[in-house]
Amino acid sequence: MGDTWSQLPWPGPSHPALFLVSLLLTAGVMHADAGTSCPVLCTCHNQVVDCSSQRLFSVPPDLPRDTRNLSLAHNRIAAVPPGYLTCYMELRVLDLRNNSLMELPPGLFLHAKRLAHLDLSYNNLSHVPADMFQEAHGLVHIDLSHNPWLRRVHPQAFQGLVQLRDLDLSFGGLAFLSLEALEGLPGLVTLQIGGNPWVCGCTMEPLLKWLRNRIQRCTADSQLAECRGPPEVEGAPLFSLTEESFKACHLTLTLDDYLFIAFVGFVVSIASVATNFLLGITANCCHRWSKASEEEEI
């Protein structure tokens with residue numbers, strides 16, 4: 001039997017070594033076709049792609065398709081192209097902190113359904129639109145801190161993020177935040193809002209009331225959150241304001257108040273008419289006196 005096998009022809013190349021080389025080359029081609037090549041200036045290991053601190057002005061065009069952790073931190077990236085994350089469905093962590101981003105394209109996270117951690121701190125974002133985190137329902141942590149030009153958060157900016165536990169909005173330019181932006185986050189545990197120029201007027205009362213009711217289960221940077229206005233509460237800790245602080249926002253006028261206002265308005269109107277009448281008579285008299293004086297001189 002052994003002699004029979006020895007006489008059969010070798011099914012591959014004439015030399016087994018060549019056959020092994022061809023297998024390795026084929027595997028290498030397939031490996032490259034799978035999109036697992038590492039971008040220039042980046043390091044790749046165990047589905048972690050690190051392109052941080054490389055002075056990049058744009059995002060690397062091609063990443064391994066199975067990337068789970070992508071760091072583009074500490075660069076000079078000013079924009080992320082639309083659809084950039086479409087092919088990276090395994091992405092769990094995206095670090096874009098300390099760049100020059102002013103906005104993100106709509107629908108950037110449409111296919112990043114497994115994204116859990118997003119860091120956009122230390123950028124130049126000016127607003128958080130309603131569709132910014134669209135379909136990224138797996139987000140657990142969002143860091144938007146230290147965006148000094150961040151003036152507005154859309155009421156539906158975090159809509160659908162039911163798994164979100166940590167939200168950092170500290171050290172921005174926020175003067176107001178809608179209650180609607182937060183009340184749809186049932187899993188929220190940590191909220192950082194200190195370092196913003198909050199205007200603690202009547203429009204902020206619903207948010208502050210909601211925060212006071214959640215302070216036991218939602219950790220917040222209460223020591224850093226202060227009011228910048230109005231003048232009567234400037235410098236006051238945000239969480240020190242009570243319902244008494246907003247008492248003036250709920251003042252209502254009675255029928256007697258309206259009657260008094262109407263009476264005052266009537267009196268002012270009569271006084272105005274009388275004043276105009278007297279001024280008219282005075283002006284007419286002055287005109288006649290001046291004319292009479294001119295005739296006497298002639």
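The following conversation discusses selected residues of one predicted model.

Q: What kind of model is this, and how are residues numbered?
A: This is a predicted model, in which local features need pLDDT of at least 70, side-chain atom pairs count only at pLDDT 80 or more, and totals for chains, interfaces and linings use all residues. Residues are numbered from 1 along each chain as its sequence is written, and side-chain values use heavy atoms, with hydrogens and water left out.

Q: Where is S121?
A: S121 is in the loop between β5 (117–119) and β6 (127–128); strands are DSSP runs (E) of at least two residues, and helices are runs (H or I) of at least four, numbered from the N terminus.

Q: Is S121 buried or exposed?
A: S121 is buried, because its relative accessibility is 3%. Buried means under 20% relative accessible area, exposed over 50%, and partly exposed in between (1.4 Å probe, protein chains only).

Q: Which side chain does the side chain of S121 make a polar contact with?
A: The partner is the side chain of D119, at 2.7 Å. A polar contact is a pair of N or O atoms within 3.5 Å; within protein, one must be able to donate a hydrogen and the other to accept it, and residues adjacent in sequence count only if both atoms are side-chain atoms.

Q: And where does S145 lie?
A: S145 lies in the loop between β7 (141–143) and β8 (152–153). The side chain of S145 makes a polar contact with the side chain of D143 (2.7 Å).

Q: Changing topic, which helix holds F277?
A: F277 belongs to helix α5 (residues 255–297). F277 counts as exposed because its relative accessible area is 55%.
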